[in-house]
Amino acid sequence: MNLKWNLDALYTDFDAQYEDDLKALKELIQDFDYFSINELSCNTEAILFKYIELNEKINTLSSKLYAFPALINSADTKNEKAEKYLDIIEQLLTQLTAPLVRFKRWLKDIDQLELLAEKNHKIKDNLFHLNEYKKETHYLLSDGEEVLISKLRLTGGEAWSKLHGKLTSNLMVSLRIEGTEKEIPLSEARNLAYDKDPKIRKHAYEQELKSYEKIEDAIAMSISSIKREADFTNGFRGYKSSLEKTLMDSRLSSDTLQAMLNAMKKYLPEFRKYLKKKGESLGHKKGLPFYDLFAPIGESNKTYTYDEAQRIIIDHYASFSPSLMEFAKKAFEQNWIDVEPREGKKGGAFCFNLPFINESRILTNFTGSFSNVSTLAHELGHGYHGQIIAEESPLNRSYPMPLAETASILCETIVMNNLLQTLETSEALYVLENSLTTSTQVIVDILSRYIFESELFDKSSESSLSSKQLQEIMLKAQKEAYGDALDHNTLHPYMWINKPHYYSPELHYYNFPYAFGLLYAKGLFAQFLKDKDVFVKKYDQMLRETGKNTIENVAKMMDIDVTKEDFWIDSLEIIKKEIDQFCELIDKIKTEK
Ligand SMILES: [Zn+2]
């Protein structure tokens with residue numbers, strides 16, 4: 001069995017074929033530039049047709065040229081060639097901004113799009129995006145200003161973001177374990193939050209907080225500058241706020257966001273009940289300390305071979321639909337997955353869809369744990385979404401962040417729910433608790449991050465914030481979200497340093513989409529349980545729409561109204577049941593003792 005992925009369907013090397021394609025892409029970009037300068041005065045239908053065609057060609061070729069080095073790089077970060085070509089492609093793609101801006105500006109004054117769409121199927125097929133572009137033109141600045149902003153971003157937001165990445169990935173934390181001093185990277189120190197030994201968890205947390213003193217001033221400047229730049233440019237473009245822009249980019253109405261946030265707030269007492277129970281079972285009387293949020297409860301000794309994991313996933317996917325099962329089979333058989341950890345390979349897991357060849361590649365760091373199986377099921381879910389959407393034109397293939405996790409979480413839930421029933425009490429407790437830890441992060445912690453980011457935008461509008469100010473805002477947000485379930489003497493004032501999501505110069509409020517993803521998928525799963533056949537029929541069609549419709553309309557295809565609290569409450573009820581189950585299990589173990 002091959003445990004490395006096979007990339008031959010893209011290229012076999014950075015060879016003549018790759019260079020030829022690179023040359024062809026450069027020519028296409030030149031054609032697009034020429035078109036945007038010289039050809040926007042012909043017949044409207046012909047212009048739209050040509051734009052769509054050019055876009056399809058550029059998209060297909062650039063995705064292929066980008067995917068190859070990106071995938072090599074993630075499986076082997078030391079590969080210099082891959083790094084070089086990644087840089088080349090990224091640079092090349094910035095040349096698309098100017099012609100695209102020109103095209104959008106032209107589109108602004110075209111108002112018979114619907115009529116043209118009736119005559120021309122290509123226009124009809126891409127109508128949603130053309131209309132979206134038109135809407136965006138209200139926020140476009142002059143060509144010169146647009147170029148200036150994109151260039152200045154490289155030394156502004158992008159540079160601050162890179163600085164954050166550099167400082168946090170090189171930060172070392174000093175620990176004293178079993179009498180010996182040692183220095184470990186921040187990410188490793190944070191992983192000790194999962195350690196079985198309570199002393200190690202506490203020590204790692206204290207030392208982690210201490211280590212931030214070395215970088216806090218630079219990072220405070222970085223986060224403030226990124227948010228101020230966003231507010232400044234978004235305001236200049238005419239957006240009411242950076243949140244308004246985020247919602248528009250997410251194709252989500254503020255009613256929907258509010259309905260979801262309100263429902264989440266209503267269920268905070270349930271999550272607090274869980275956290276307090278966890279705190280008690282670990283011997284804490286004043287609520288759970290932050291450093292024990294991830295403490296393991298129960299025992300997990302069961303491991304799975306990669307072979308077993310494949311069989312489990314195929315079996316459980318089959319209980320959902322034949323096409324989902326066939327997809328997983330194909331991914332395993334054709335070596336789409338880079339399975340095991342290796343030196344120089346990136347950590348974590350991801351799925352990279354390659355719709356232009358109707359395939360995907362998945363990277364995991366599989367060592368056989370229950371959560372590894374769950375992750376694999378999750379990533380394959382992303383791949384399935386990719387397969388469905390590959391049938392669409394390139395413009396219709398990119399879905400907004402809140403819908404990005406729909407298929408993955410649903411697939412993960414299908415496998416986990418079935419697998420959970422095969423486990424013994426202690427093992428089941430471990431898995432259930434793990435799932436609740438995740439849900440608590442995604443609902444309660446995400447809420448604290450949303451509150452934090454809202455206030456950060458508010459307060460940084462006039463001047464940069466100091467680390468001390470940021471710590472105060474973070475503590476206040478954590479108290480609001482966690483309430484008395486966490487011990488207020490051991491919160492985490494520096495959470496803003498270690499979450500990379502605050503540091504994207506383009507994406508803001510990169511938190512609520514996670515809550516949306518989890519609750520939307522849970523709600524779908526509840527529907528699936530009610531009527532499998534009806535659900536499966538509608539499901540693929542819904543996934544297909546994710547790239548060319550508003551979120552409200554996508555949900556409507558499943559008869560779901562996301563603007564109403566009711567839907568969100570139904571999803572939260574599923575988590576509430578898990579919380580009740582957890583509390584019962586803990587009590588049961590206590591009385592058995
Ligand atoms: Zn995912």
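The site of the zinc ion in this predicted model is irregular, with angles of 51 to 140 degrees among its 4 donor atoms. Four donors count as tetrahedral if all angles lie between 85 and 135 degrees, four count as square planar and six as octahedral if opposite donors are over 155 degrees apart and all others between 65 and 115, and anything else is irregular. The protein donors are His378 (NE2), His382 (NE2), Glu405 (OE) and Glu405 (OE), which lie 2.2 to 2.8 Å from the zinc ion; donors here are N, O and S atoms within 2.8 Å of the metal (3.2 Å for Na, K and Ca), and water is not among the atoms, so sites may look incomplete. Along the chain, the donors of the zinc ion follow the spacing H-x3-H-x22-E. Distant parts of the chain are linked by the pair of His382, in helix α18 (residues 370-389), and Glu405, in the loop between α19 (401-404) and α20 (406-420), 23 residues apart. His382 counts as buried because its relative accessibility is 11%, where buried means under 20% relative accessible area, exposed over 50% and partly exposed in between (1.4 Å probe, protein chains only).

Residues are numbered from 1 along each chain as its sequence is written. Local features need pLDDT of at least 70, side-chain atom pairs count only at pLDDT 80 or more, and totals for chains, interfaces and linings use all residues, while side-chain values use heavy atoms, with hydrogens and water left out.

Strand β4 is joined by 5 bridges to β5 (residues 359-363), and the two run antiparallel; Asn353 has Ser360 in β5 as its bridge partner. Contact means heavy atoms within 4.5 Å, and the axes are lines fitted to C-alpha atoms, for helices over the stretch in contact, with angles from 0 to 180 degrees between N-to-C directions.

Within strand β4 lies Leu354, which counts as buried because its relative accessibility is 0%. Leaving aside neighbours within four places in sequence, Leu354 is in contact with Leu10, Ala67, Glu359, Ser360 and Arg361.

The count of disulfides is 0, a disulfide being a pair of cysteine sulfur atoms within 2.5 Å. The closest cysteine sulfur to that of Cys351 is in Cys411, 11 Å away, and therefore too far for a bond. Cys351 is buried, with a relative accessible area of 19%, and Cys411 counts as buried at 2% relative accessibility.

Elsewhere, strands β1 (residues 172-177) and β2 (residues 180-185) run antiparallel and are joined by 6 bridges. They form a hairpin with 2 residues between them, and Glu178 in the turn has a positive phi of about 50 degrees.

Conventions. Helices (H or I, at least four residues) and strands (E, at least two) are DSSP runs, numbered from the N terminus. Two strands pair if DSSP finds at least two bridges between them.
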